[in-house]
Amino acid sequence: RPALGGSQPLGRARTRARARRSWRPPWPRPPSAPAMVDAAGTSAAPPSTRLAGVELELHALVEELARTTRDAEAQIKQERDSILVEFEAARIQLHTEYSQRFLEADLELQEVLRERAALREMPCDARQNDVVTINVGGRLFTVKRETLHVCPDTFLAELFSGRWESRLQKDTDGNPFVDIDPDIFDPLLSWLRDRKIETPDRPTASPSVSPEDARHFQVAADYLGLLPHLGLPELERRDGWSAVCGDQEFAPAVAEARSEGRGSWLEQQGLLQAAAGSLLATLRGAAAAATGGGGGVAAPAADAAAIVAEGNEGAADAAAEIPVRTPGWSQKVAHPVARRGDGAGSEVGGSAATVVIPDTRPLACAAAVRGTRGYQSGVHYWEVEVLVLSDWSYVGFVSARWAALHAPVGRAPDSWGVASCGALFAGGDEVGRLPTGYTEGSRLGFLMELNNADHRVASVFIDGRLYDGVFANLPETVYPAVSNMRAPASYRLDCSARPPATQVPAGAAGTSGRDWAAPRQPSPPQVGRGGDGCGGGGAANSAGAVYRE
């Protein structure tokens with residue numbers, strides 16, 4: 001029994017275990033996910049995990065690209081700003097050097113003109129009764145000096161005035177040599193001799209010229225400056241030496257222009273007329289030879305006078321086409337930021353008389369501009385209208401030596417200015433103060449009395465009110481000038497204005513309508529002097545002349 005009883009429980013337990021292992025549930029089992037196996041046979045991550053990793057990598061690349069782009073833009077902007085600053089500095093330096101050279105050339109020209117005037121006024125030992133022997137083209141002519149001076153202000157009279165005897169080209173015998181055809185000079189000399197002894201009842205007849213010699217005669221007479229005096233309309237033309245020396249009708253314009261600093265331009269205008277007339281005459285002569293001269297043969301000599309007459313018409317047409325300069329603000333003698341016209345670079349109509357100065361605070365300097373017309377002698381007047389008032393506007397004038405384009409007018413050497421607060425500056429020093437200043441829309445007039453070296457003064461009109469004798473001891477040449485201090489400004493120049501009716505300054509005493517002490521001589525300019533933008537150091541105001549109200 002023990003053996004039988006002990007084996008039965010063990011058998012039943014084994015049967016129950018086998019039944020549990022072989023049991024299956026009555027509902028279907030969910031399928032299990034297949035395992036991801038790569039090509040190597042190893043298990044791989046599911047797609048969702050791989051997609052998340054790709055997104056992270058892409059986001060990191062985008063951030064890195066944006067950071068690189070920002071760094072590149074910042075570097076490009078920095079390099080561009082650096083290049084612009086260097087370019088602007090180089091442009092300002094070149095403009096300053098150009099302005100300085102232009103002023104030096106202008107000073108040299110003025111010096112040459114003064115030397116020429118001094119040579120003309122220099123006394124000489126030559127007398128009118130002197131007998132002069134001239135070698136003209138190999139033929140000797142003996143004539144009195146007064147005969148050669150029958151037509152004054154001509155090149156012939158100037159040549160044998162006695163001042164240039166040592167500089168004239170001479171032959172082996174010491175006679176002055178003139179390289180002109182003697183057959184052409186002979187009738188000219190005969191005409192001069194007749195002109196010397198003419199009377200009102202017996203005027204001198206014009207020299208007779210053969211058609212074949214018309215062109216050579218015209219050239220020689222024009223070279224000697226005698227052409228306007230010969231009375232030959234078919235040959236007379238304002239060009240060459242006649243425009244500069246012999247044309248009496250044109251000479252006053254040249255003299256007036258020289259007094260205003262424009263002589264060289266008008267003389268160039270006369271030379272341009274000569275060049276235009278000569279070129280047109282040559283072209284028409286060639287055309288006449290090609291059409292009526294027989295297959296390219298030169299035109300007949302009888303047509304020479306007609307060709308010259310046509311050349312005169314061409315010279316007149318060329319002269320009519322030469323533009324007349326209107327006085328205004330200069331582009332060459334001006335700060336680089338100053339612009340004529342409306343400020344956009346356009347110059348339409350009379351905009352040359354308007355200048356716009358932008359804000360110069362980034363440049364830490366002022367911007368000044370000079371007028372194109374200068375004044376040397378006589379009495380002159382011009383007006384400046386303040387279109388836009390700067391923080392401290394400066395209106396005045398400068399000399400030909402002035403080159404301080406980066407300083408306010410009056411606050412630098414060779415400049416005189418009236419500040420908007422009424423302070424008066426000369427050569428960098430404050431020399432006085434007016435009782436009132438000016439504002440936007442005001443008109444400042446300058447009456448220049450440049451009669452001689454002892455009386456060269458300037459009076460100022462502010463909105464029609466006269467302040468007499470404000471500046472004295474003015475230089476040889478003065479030009480209108482304006483500037484700002486730092487803020488933008490705009491001015492209009494009118495050189496054709498007339499002085500307004502004289503008004504007595506408010507509160508001024510005296511029978512002359514003013515109580516103005518003579519301005520003191522400015523001391524050398526002080527560099528780095530303190531004070532506000534208008535009053536300089538402030539101490540000069542108390543020491544300078546003032547209107548007492």
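Guide: In this predicted model, strands β10 and β11 run antiparallel and are joined by three bridges. Within that pairing, Trp416 stands opposite Ala426 of β11. Three residues lie between the two strands of this hairpin, and Gly422 there takes a positive phi near 100°.

Strand β11, residues 423-426, also pairs with β12, residues 429-433, in the antiparallel sense, over four bridges. Here Ala426 stands opposite Asp429. The hairpin of β11 and β12 has two residues between its strands, and Gly427 takes a positive phi near 65°.

The side chains of β11 deserve attention as well. In a regular strand, side chains alternate between the two faces of the sheet. In β11, Ala423 and Phe425 lie on one side, Leu424 and Ala426 lie on the other, and all four are buried, which leaves both faces of the strand covered.

Most residues other than glycine have a negative phi. Asp414, although not a glycine, has a positive phi of about 60°. Its relative accessible area is 31%, so Asp414 counts as partly exposed. A second example is Ala364, again not a glycine, with a positive phi of about 55°. Ala364 belongs to the loop between β6 and β7 (368-371). With a relative accessible area of 55%, above the 50% cut-off, Ala364 is classed as exposed.

Seven strands form it, in the order β5-β6-β17-β8-β13-β14-β15, with antiparallel pairing. Its edges are β5 (339-340) and β15 (465-471), each of which pairs on one side only. Strand β17, residues 489-494, is joined to β6, residues 354-357, by four bridges, the two running antiparallel. Ile357 has Ala489 of β17 as its bridge partner. Strand β17 also pairs with β8, residues 378-388, in the antiparallel sense over five bridges, and Val384 stands opposite Leu493 there. Next in the order, β8 and β13 run antiparallel and are joined by eight bridges; Glu385 has Arg443 of β13 as its bridge partner.

The packing of nonpolar residues can be described next. In soluble globular proteins, nonpolar side chains tend to be buried together. The largest nonpolar core of this model has 38 residues, and those with the most contacts inside it are Trp382, Phe397, Val418, Phe446, Met448, Phe471 and Tyr491. Strand β13, residues 443-452, gives the largest share of this core, four residues. Trp382 is in contact with residues beyond four places in sequence that include Phe397, Phe446 and Met448. Further contacts of Trp382 include Tyr375, Leu444, Pro480, Leu493 and Cys495. A second, separate core has 30 residues, among them Ile134, Val136, Leu192 and Leu230.

Two residues from earlier in the chain complete the description. Asp130 is in the loop between α2 (47-121) and β1 (131-136). Its relative accessible area is 18%, under the 20% cut-off, and therefore Asp130 is buried. Apart from residues up to four places away in sequence, Asp130 touches Val143, Lys144 and Arg145. Pro187, in turn, is found in helix α5, residues 182-196. Pro187 is partly exposed, with a relative accessible area of 25%. Beyond its neighbours within four places in sequence, Pro187 is in contact with Pro207 and Phe217. The C-alpha atoms of Pro187 and Ser206 are separated by 9.8 Å, the two residues being 19 apart along the chain.

A word on confidence is in order. The chain has an average pLDDT of 74, and 65% of the residues score at least 70. Over residues 238-258 the pLDDT stays under 50, and the model has 52 contacts for this stretch beyond four places in sequence. Residues 260-280 likewise have a pLDDT below 50, with 40 contacts beyond near neighbours in sequence. Where pLDDT is low, the predicted coordinates should not be read in detail.

Terms used:
Residues are numbered from 1 along each chain as its sequence is written. This is a predicted model: local features need pLDDT of at least 70, side-chain atom pairs count only at pLDDT 80 or more; totals for chains, interfaces and linings use all residues. Side-chain values use heavy atoms; hydrogens and water are left out. Two strands pair if DSSP finds at least two bridges between them. pLDDT is the predictor's confidence in each residue, from 0 to 100. Contact means heavy atoms within 4.5 Å. A nonpolar core is a set of buried Ala, Val, Leu, Ile, Met, Phe, Trp, Tyr and Cys residues joined through side-chain atoms within 4.5 Å. Buried means under 20% relative accessible area, exposed over 50%, partly exposed in between (1.4 Å probe, protein chains only).
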